[in-house]
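Could you look this one over when you have a minute? My notes are below, in the order I'd go through them.

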Amino acid sequence: MKKLSTTDIISKKNREKIVMITAYDALFARLFDEFADMILIGDSLNMSFKGERDTISATIEDMIYHTKAVKNGAKNSFIVTDMPFGSTTNIKHTIKNAIKIYKETSCDAVKIEGGKNIAPHIKALCNEGISVVGHIGLMPQKVRFEGGYRIKGRGEDGLNKLLDDAFAIYEAGAFCFVLEGTLSSVAAEISKQVPVPVIGIGSGLHVDGQVLVWSDMLGLFEDFRPKFVKQYLNGATLVKEAVKSYKDEVKNSLFPSENFEYNK
């Protein structure tokens, strides 16, 4: 595989589905690199990696640390880093934080949550030569403000609001965007109308690609399971069984056996 670029991602629109997955370290990034078009260092790490109840307390330093680790493992995938909550409060602040992430991590793009309200920030970043992935629909950084995770796009007003947001961030320069927690029919219409790739999460089949949090997809995160998550591995059970076997063998003096000892 060759290292993917923004033009490679854009060219997949209406031609080939885009595969995106999150990663937070070099070990899993190396495993995913063979299969993923894009790897997202999502602020979801705050929940699945750090055990917090939402994404909001993730910091710039967290994102930089984990992006550096992912970059060490993934050599071909297109690497995207989330701009965490509080890092885009005004355009000047957004540029300063995005430049810091871009320079210190060598990521390929940053991802910003927001629609029409954030479009001027996206335009400013593009003017600085920073590639931007948008994020509209359900936005986890607004979960406390909105009182929970609420599906977007219901009714004609909901569809029009999302279309307005989608075109605003596209026209500002976002080369693709994540569409989260949206009715499947609404997501299909947005993907049909907007010229850049739409990557869905909880938005149905008829978009240009999909993204999942790796620990959800592999069945390792047990706190809750969103409706849209398909578990491709019963990871938590397999890990617990393996660790129990290790514990039992240690307790019963079965490990290490001669096969695992230095005898010469």
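**Notes on the predicted model**

1. I'd start with strand β5 (residues 132-137) and strand β6 (residues 176-180), which pair in the parallel sense over 5 bridges. For the terms: strands pair if DSSP finds at least two bridges between them, and helices (H or I, at least four residues) and strands (E, at least two) are DSSP runs numbered from the N terminus. His135 has Val178 in β6 as its bridge partner. Helix α8 (residues 155-172) packs on the sheet here, touching β5 and β6, and its direction makes about 175 degrees with that of β5. Contact means heavy atoms within 4.5 Å; axes are lines fitted to C-alpha atoms, for helices over the stretch in contact, with angles from 0 to 180 degrees between N-to-C directions.

2. A word on the basis: this is a predicted model, where local features need pLDDT of at least 70 and side-chain atom pairs pLDDT 80 or more, while totals for chains, interfaces and linings use all residues. Residues are numbered from 1 along each chain as its sequence is written, and side-chain values use heavy atoms, leaving out hydrogens and water.

3. Stepping back, 8 strands close into a barrel in the order β1-β2-β3-β4-β5-β6-β7-β8, with parallel pairing. The twist from one strand to the next averages 25 degrees.

4. Ile39 lies in strand β2 (residues 38-41) and is buried, with a relative accessible area of 0% (buried is under 20%, exposed over 50%, partly exposed in between; 1.4 Å probe, protein chains only). Leaving aside neighbours within four places in sequence, Ile39 is in contact with Val70, Phe78 and Val80, among others.

5. The largest pocket has a volume of about 680 Å³, the space filled by probe spheres set on grid points joined across faces, edges and corners. A pocket is an open set of points on a 1 Å grid over the protein atoms alone where a 1.4 Å probe fits, with protein on both sides within 12 Å along at least five of seven lines; lining residues have an atom within 4 Å of a point. Of the 33 lining residues, Pro140, Glu180, Ile201, Pro226 and Phe228 lie nearest its centre.
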